[in-house]
Structure formats: C-alpha cells, structure tokens
Amino acid sequence: MEPLSITQVNEYLKRLFEWGLEDNGKAIAKIFEFKDFTGAMEFVNEVAVIAEQEKHHPEMLIYENKVEIKLTTNSAQALTEKDFKVAEEIDSKNANN
C-alpha cells in the first residue's frame with residue numbers, strides 16, 4: 001500500500017468521527033467509551049473480526065470501560081487507505097458514535 005500524503009490524510013480524517021492523528025501523523029487513534037468493561041470487551045471482539053477479515057490489525061488498549069484503538073500501516077511506516085477503511089468499519093460497529 002502506498003503512504004498517503006498529509007492532504008489525503010486530512011481528507012480521510014474528515015470522514016471519520018473523533019479520530020485524531022498520532023505518532024507524528026503516522027497513525028490515527030480514537031478512544032471508545034462503553035457502559036462497562038463487558039461492553040468494552042464485546043466491542044474488542046467485534047474489532048478482532050474486522051481485523052482478521054481485513055488482515056489489518058490495530059493496536060488496542062483496554063482499560064475499565066474504554067478501548068483505545070490505533071491504526072497504522074507498519075509495512076509503509078505511514079497511514080494508508082487501509083487504515084481509514086478499517087477505522088470506518090470499526091466506527092460502524094460502535095453505536096456510541
């Protein structure tokens with residue numbers, strides 16, 4: 001996958017809800033909040049299905065009722081279209097958007 005330019009990254013970010021740049025623009029991240037830990041874990045399992053289907057695995061940090069997800073394309077050492085596609089799919093699984 002080809003790395004996106006900063007202009008392309010900013011255009012893709014406009015399509016997402018509350019995702020932000022991290023790691024000097026090489027990743028996007030978002031914190032999802034749930035009613036309880038069980039809800040957070042159910043969401044993580046849904047994200048795992050997406051990650052396996054897309055063969056694109058995010059970093060996930062789970063703490064109490066929150067899940068932080070970070071996406072980047074390691075092989076490109078940058079953001080690619082794949083990161084934004086997966087972010088959109090993850091957002092579609094979260095009713096709290």
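How many salt bridges does a search of the whole structure find? The search finds seven, a salt bridge being a side-chain nitrogen of Lys or Arg within 4 Å of a carboxyl oxygen of Asp or Glu. This is a predicted model, in which local features need pLDDT of at least 70 and side-chain atom pairs count only at pLDDT 80 or more, while totals for chains, interfaces and linings use all residues. Residues are numbered from 1 along each chain as its sequence is written, and side-chain values use heavy atoms, with hydrogens and water left out.

**View 1. The largest nonpolar core has 22 residues.** Such a core is a set of buried Ala, Val, Leu, Ile, Met, Phe, Trp, Tyr and Cys residues joined through side-chain atoms within 4.5 Å. Buried means under 20% relative accessible area, exposed means over 50%, and partly exposed lies in between (1.4 Å probe, protein chains only). Trp19, Ile28, Phe43, Ile69, Leu71, Phe84 and Ile90 have the most contacts inside the core. H1, S2, H2, S4 and H3 each give two or more residues to this core, and H2 gives the most, with five. Here helices (H or I, at least four residues) and strands (E, at least two) are DSSP runs, numbered from the N terminus. Leaving aside neighbours within four places in sequence, tryptophan 19 is in contact (heavy atoms within 4.5 Å) with residues including Leu13, Ile28, Phe32, Ile69, Leu71 and Ile90.

**View 2. Helix H3 covers residues 81-93.** The 13 residues of H3 should span 18 Å at 1.5 Å a residue, and the end C-alpha atoms are 19 Å apart, which agrees; the expected span is 1.5 Å times one less than the number of residues. Asp83, Phe84, Val86, Ala87, Glu89, Ile90 and Asp91 are the buried residues to look for in H3. Their cover includes helix H1 (6-14), strand S2 (27-33), helix H2 (37-54) and strand S4 (66-71).

**View 3. Threonine 80 sits in the loop between S4 and H3.** Is threonine 80 buried or exposed? With a relative accessible area of 0%, threonine 80 is buried. Not counting residues up to four places away in sequence, threonine 80 touches Met1, Glu2, Pro3, Leu4 and Thr73.

**View 4. Glutamate 11 and lysine 14 meet in a salt bridge.** Their N to O distance is 3.1 Å. Both belong to helix H1, and because they are three residues apart, about one helical turn separates them. Glutamate 11 is partly exposed at 42% relative accessible area, while lysine 14 is exposed at 63%.

**View 5. Lysine 70 forms a salt bridge with aspartate 23.** The closest N and O atoms of the two are 3.3 Å apart. This pair links distant parts of the chain, 47 residues apart: lysine 70 is in strand S4, and aspartate 23 is in the loop between strand S1 (20-22) and S2. Lysine 70 counts as buried at 17% relative accessibility, whereas aspartate 23 is partly exposed, with 43%.

**View 6. Lysine 85 forms a salt bridge with glutamate 54.** Here the closest N and O atoms are 3.0 Å apart. Lysine 85 in helix H3 and glutamate 54 in helix H2 are 31 residues apart, and the pair links distant parts of the chain. Salt bridges that share partners join Glu54, Lys82, Lys85 and Glu89 into one network.
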